[in-house]
Amino acid sequence: METTGRRPGAYVCGIDAAMDVIGGKWKVLILWALNERPCRFGELRRELPGITEKVLASHLREMEADGLVHREAYDEVPPRVEYSLTPRGVSLNEALEPLGAWGRANVLGGSPAAGQMREDHDVPLVPGAA
């Protein structure tokens with residue numbers, strides 16, 4: 001399997017290299033959406049509210065070049081294109097699972113979100129109060 005040609009020799013460690021491949025707000029969410037099932041462009045756009053067509057198209061091209069996403073164009077009228085994960089994309093999703101578990105435990109469920117205090121936290125609810 002070929003590697004990306006983004007910054008050859010400039011990586012400090014494996015995490016640096018991986019973050020170059022999945023960097024940005026949307027790429028991990030695209031991976032997550034495609035992990036569920038293959039999707040057409042419009043389906044992905046609806047699955048990811050807030051992403052622009054330009055950014056989605058750009059990220060899909062980059063992820064295809066990185067060997068994470070497969071683009072299948074069907075010879076139909078009207079034309080149909082589906083995106084799915086390659087084995088490399090599936091393995092990246094598997095590597096991200098512990099990070100997702102950490103986020104669920106420490107951000108979504110384990111730590112209070114802004115404005116959501118539980119009684120077992122010894123944090124004053126009013127600034128300056130002890």
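In this predicted model, Lys27 and Glu62 form a salt bridge whose closest N and O atoms are 2.5 Å apart. Because Lys27 lies in helix α2 and Glu62 in helix α4, the pair ties together parts that are 35 residues apart in sequence.

**Salt bridges**
- Lys27 counts as buried, since its relative accessibility is 3%, whereas Glu62, with a relative accessible area of 30%, is partly exposed.
- The structure holds 5 salt bridges, and Glu76, Arg80 and Glu82 are linked in a network of such bridges.
- Glu76 is partly exposed, its relative accessible area being 36%.

**Rings**
- Arg80 also lies over the face of Tyr74, at 3.8 Å from the ring centre, while the structure holds 0 aromatic pairs.

**Nonpolar core**
- The largest nonpolar core has 20 residues, and those with the most contacts inside it are Ile30, Leu31, Leu34, Leu44, Leu60 and Val69.
- At least two residues of this core come from each of α1 (14-22), α2 (27-36), α4 (53-65), β3 (80-85) and α5 (87-108), with the largest share, 4 residues, supplied by α2.
- Not counting residues up to four places away in sequence, Ile30 touches Leu48, Ile51, Leu56, His59, Leu60 and Met63.

**A buried asparagine**
- Asn93, which is placed in helix α5, counts as buried at 9% relative accessibility.
- Leaving aside neighbours within four places in sequence, Asn93 is in contact with Leu31, Trp32, Asn35 and Leu85.

Terms used: Residues numbered from 1 in each chain as written. Predicted model: local features only at pLDDT ≥ 70, side-chain atom pairs only at ≥ 80, totals over all residues. Heavy atoms only, no water. Phe/Tyr/Trp six-rings, centres within 6.5 Å; stacked < 30°, edge-to-face > 60°. Lys NZ or Arg CZ within 6 Å of the ring centre and 35° of its normal. Core = buried A, V, L, I, M, F, W, Y, C linked by side-chain atoms within 4.5 Å. Buried < 20%, exposed > 50% of the residue type's maximum accessible area, 1.4 Å probe, protein only. Contact = heavy atoms within 4.5 Å. Salt bridge = Lys/Arg side-chain N within 4 Å of Asp/Glu carboxyl O.
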